[in-house]
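Let's walk through this model together, one question at a time. Have the viewer open as you read.

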Amino acid sequence: MELFNSESKKIVSDPINVNNPISLQVLGICSALAVTIRLDQAIIMTLAVVFVLCSSNVILSLIRNYIPTRVRIVIMLSVIASLVSVVDELLKAYLYDMSKQLSVFVGLIITNCIIMGRAEAFALKHGPSKAFLDGLGNSMGYGLIIIIVSFFRELFGAGTITLPDGGAGYVLWRIPESWYAAGYENIGLLVLSPGAFIILGLVIWIQREFAGVEEDA
Amino acid sequence: MNFLRKIFEETGKLVEKGKPLSWAYPVWEAADTIFFSTNKQTSKGPHIRDNMDIKRTMFFVVIALIPCYIFGAYNIGYLNALAMEIERGIIGNTIFGFTYVIPILIATFVAGAICELTFAIIRKHEVNEGFLVSCALIPLTMPPDVPLWQVFIGTSFGIIIGKEIFGGVGTNIFNPALTSRAFMYFAFPTKISGDKVWAVGPDGYSGATALAIPANPVEYDTASNLFAANTQFDYSTVNMFWGLIPGSIGETNKLLILFGAFFLIYCGIASWRIMLSSVLGLVFTALLFNLLNYLTVDGILQAGGFPNAMLTITPLQHILIGSFLFGTVFMATEPVTSSHTNTGRWIYGFLIGVLTVIIRSINPAYPEGVFLAILIMNMFAPLIDYYVVQANIKMRLARNV
């Protein structure tokens, strides 16, 4: 096992920072807009994506030598789709409220470009342990961004911070009534999808500034 | 003047390159060029010998806005006196109004200056004067009782998202003042969506603005009758022209806006083609809707269920209610975000007029449509220009064969 040498560290840390799937490769935007209205939704979504991406990468990497190139997309899709169904059923069984809130977006993990992209670009070319690390890094990178976006959207848009629990979510902090009485107002724009675009754009701006990424003009 | 020159020369030495205070150069440069024309010489073409640099141009726009400010302040006082049923006199009304206008103005300029200076220092460019105009326009588009922290956030949003992320003055796609207006419209709809009355009055004092009256008719009627039936405010045509109606600070008095328009056209700053064509577009669409309404209501088309009092608003009323004139004179003509070809300007302006009426009349969610129409056309202005230029190239090629 080469789990802890510098190369595998790079496989995990790169997608979280300098090669982030959302903020640098701009993949998986649709779900980043849809599930970032509340923090608890984003956290559950992150867990689901971590599970699906890590498992699909490992499974596909294990069977990579037996997949004919021509039908690889079909096989990748069927593996991913089965894993997503498992997640969906698990959510329905144990977190019913959450699964109702996330509605179709759990099912739509299948179409998340990050998962297909990593399977195609990485899992089919590397061994299972590296593929697992790559899956972990990319899903964490995805999760990090949607958690940041949903934190700001929920805090300024709805005035709460909600953590996931068994039911409809545990409200960790709520903007006190006295603030509203003093004239504070929630920014309604952030609850709408354009608000997610704006926050996401700002996150991308700041992260690229820190990662030192320059795009060719 | 010599005294002033000396101060600037002395302080200029402190911010030269290499000195510890050199980061403050943009601030010094901005202050210096307000009082003196720049002594920089161009080393490469184009060499334009004209005193009308960006700073003077922007100043003329600000001058054109001053009457709107004064009348806006008077109108706040006038409407307040009306609601409180007291007499205050013209001077008293104006002073009362300024106690509302000046805090908004200060909030706007503080937010604008912070954003502009931060970016000027980080990016090491000079302070662009565009923010003066943007910041002078923003308070005029605000209702008088808007909370100041909202103004602060809205202005920062307009300057940063509307302008700085695109690279500053001259490279922005959207009008920064309108961007901040649109942001506030969607972010704080309870305060500024334009359906409730915008006047400073006692608690619980509310009513519908001119734009919202025909949008929510109790029973089907024409817009003119609805205006006449509203007794809280006098929405007669004359009164709407003189601007003694509730609304955003700068938009109500149409005479002063027309004065500003002539001033800007006379100085060669704003394009008369855009103003004229947007009015034409508005008149055309309003007449079309009047006709549509006439046909459906008076039984020729028998569409059934179609009656919509917004469709009966005449073109003149469309021009007088809301902020159409203000938008088309001061916002649509902004040189950076509008079309740059003359044919393009006709198309650009005309579509602004058309979209304004469509958003106002057909869409029940938004009482006012001017700023959305202008923002949409800002987006299409480069495309219009591209096709105008291509058409011209094609025409000349065809002629030459």
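Q: Which residue just after α8(A) takes a positive phi?
A: Helix α8 of chain A covers residues 128-158; helices here are DSSP runs of H or I with at least four residues, and strands are E runs of at least two, numbered from the N terminus. Just past its end, phi is about 80° at G159(A).

Q: How far does helix α8 of chain A reach from its first C-alpha to its last?
A: This is a predicted model, where local features need pLDDT of at least 70, side-chain atom pairs count only at 80 or more, and totals for chains, interfaces and linings use all residues. Residues are numbered from 1 along each chain as its sequence is written, with chains lettered from A and ligands numbered from 1 in the order written. The helix has 31 residues, and 45 Å is expected at 1.5 Å a residue, taking 1.5 Å times one less than the residue count. The computed reach is close to that, at 42 Å.

Q: Which helix of chain B has the highest mean pLDDT?
A: pLDDT is the predictor's confidence in each residue, from 0 to 100, and chain B averages 81. Helix α9 (residues 223-229) of chain B is lowest, at 64. The highest mean, 92, belongs to helix α16 (residues 370-400) of chain B.
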